[in-house]
Amino acid sequence: MTFFDALSGIFALGGPVVAILFVMSILTFSVTLYKLWQFAASGVGRHRVLSEALSAWDAGDHHAARARLAKSRSYLAPLLGTAMEARDLPGFEGRLDAEAGVALAGLERGFRLLDTVAQLAPLLGLFGTVLGMIEAFQSLQAAGSSVDPALLAGGIWVALLTTAVGLAVAMPTSMILAWFESRTARERVFADKALQTVLAPVQAAPQETAAQFPASSHA
């Protein structure tokens, strides 16, 4: 028996509910592959070069910071480059926060679809269970007094199969979504820390303190 023969047998046994769940599983697989490619291309989770640039910026070596930043392939590199060039502009921090939010929203694209599949698949499985039990009881009613347990088998098969397929689609989808969400949450924390490092480097604190101390002593 080939894979397609087995698949057509499952469709024939489970009915349209199993076919819908199969389409949803293909969507989940496609979105998962796309997100894996997007995260890899955007440098999600790979912050070594960016961290080196931020350390140099924090130490006051702006030339080295910009040089390291130019070698980064992270999606945050252009944003941090803009922050380094225009960090003294009034009100620019809010603009940078908005740009970072847009970049992170791009990484979260497709999460709503995965969440919908994770929540809808068990309900579709339950719906198939109800349809299977209705079919079983209709067969039992049609049989009249000559009750044959084999008449119930078809409906019970549909009920069990749709439930199993629904859970088989929902559980891995939920796990994949949780993993993607945890990675984007870490990205959000890192992006916020990186912007704050550029806008308020530690190296600038002693200078500001030194500049404020004479004024306070005169007062």
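Predicted model: local features only at pLDDT ≥ 70, side-chain atom pairs only at ≥ 80, totals over all residues.
Colleague: How are E99 and R95 placed in helix α6?

Modeller: They are four residues apart in α6, which covers residues 92-107, and are therefore separated by about one helical turn. A helix here is a DSSP run of H or I with at least four residues, a strand is a run of E with at least two, and both are numbered from the N terminus. By that definition the protein chain has nine helices and zero strands.

Colleague: What makes R95 exposed or buried, and which class does E99 fall in?

Modeller: Buried means under 20% relative accessible area, exposed means over 50%, and partly exposed is what lies in between, using a 1.4 Å probe and protein chains only. R95 has 51% and is therefore exposed, whereas E99 has 35% and is therefore partly exposed.

Colleague: How many salt bridges does the count come to by this rule?

Modeller: The count comes to five salt bridges. One of them joins the side chains of E52 and R68, with 2.4 Å from N to O. E52 belongs to helix α3 (residues 48-58) and R68 to helix α4 (residues 62-70), so this pair ties together parts that are 16 residues apart in sequence. E52, at 32% relative accessibility, counts as partly exposed, and R68, at 24%, counts as partly exposed too.

Colleague: Which residues do salt bridges that share partners join into one network?

Modeller: The network consists of R48, E52 and R68.

Colleague: What makes E85 and R66 a salt bridge?

Modeller: The closest N and O atoms of E85 and R66 are 2.7 Å apart, which is within the limit of the rule, and so the pair qualifies. E85 lies in helix α5 (residues 77-86) and R66 in α4, so parts that are 19 residues apart in sequence are tied together. E85 is exposed at 56% relative accessibility, while R66, at 32%, is partly exposed.

Colleague: Why are α3 and α4 called roughly antiparallel to each other?

Modeller: Their axes come within 7 Å and cross at roughly 170°, where an axis is a line fitted to C-alpha atoms, for helices over the stretch in contact, and the angle runs from 0 to 180 degrees between N-to-C directions. Angles under 35 degrees count as roughly parallel, over 145 as roughly antiparallel, 65 to 115 as roughly perpendicular, and the rest as oblique, so α3 and α4 are roughly antiparallel.

Colleague: At what angle do the axes of α4 and α5 cross, and which residues make the contact?

Modeller: The axes of α4 and α5 come within 10 Å and cross at roughly 160°, which makes α4 roughly antiparallel to α5. Contact means heavy atoms within 4.5 Å, and here it is made by A65, R66 and L69 of α4 together with A77, L80, G81, M84 and E85 of α5.

Colleague: What makes T173 buried or exposed?

Modeller: T173, which is found in helix α8 (residues 149-199), has 1% relative accessibility, which is under the cut-off for buried, and so T173 counts as buried. Leaving aside neighbours within four places in sequence, T173 is in contact with T28, L114, V117 and A118. Over the protein chain, buried residues make up 35% of the 219 residues.

Colleague: And where is the place of D88?

Modeller: D88 sits in the loop between α5 and α6, and at 67% relative accessibility D88 counts as exposed. D88 and L199 are 111 residues apart in sequence, yet 8.1 Å apart in space from C-alpha to C-alpha.

Definitions and conventions:
Residues numbered from 1 in each chain as written. Heavy atoms only, no water. Salt bridge = Lys/Arg side-chain N within 4 Å of Asp/Glu carboxyl O.
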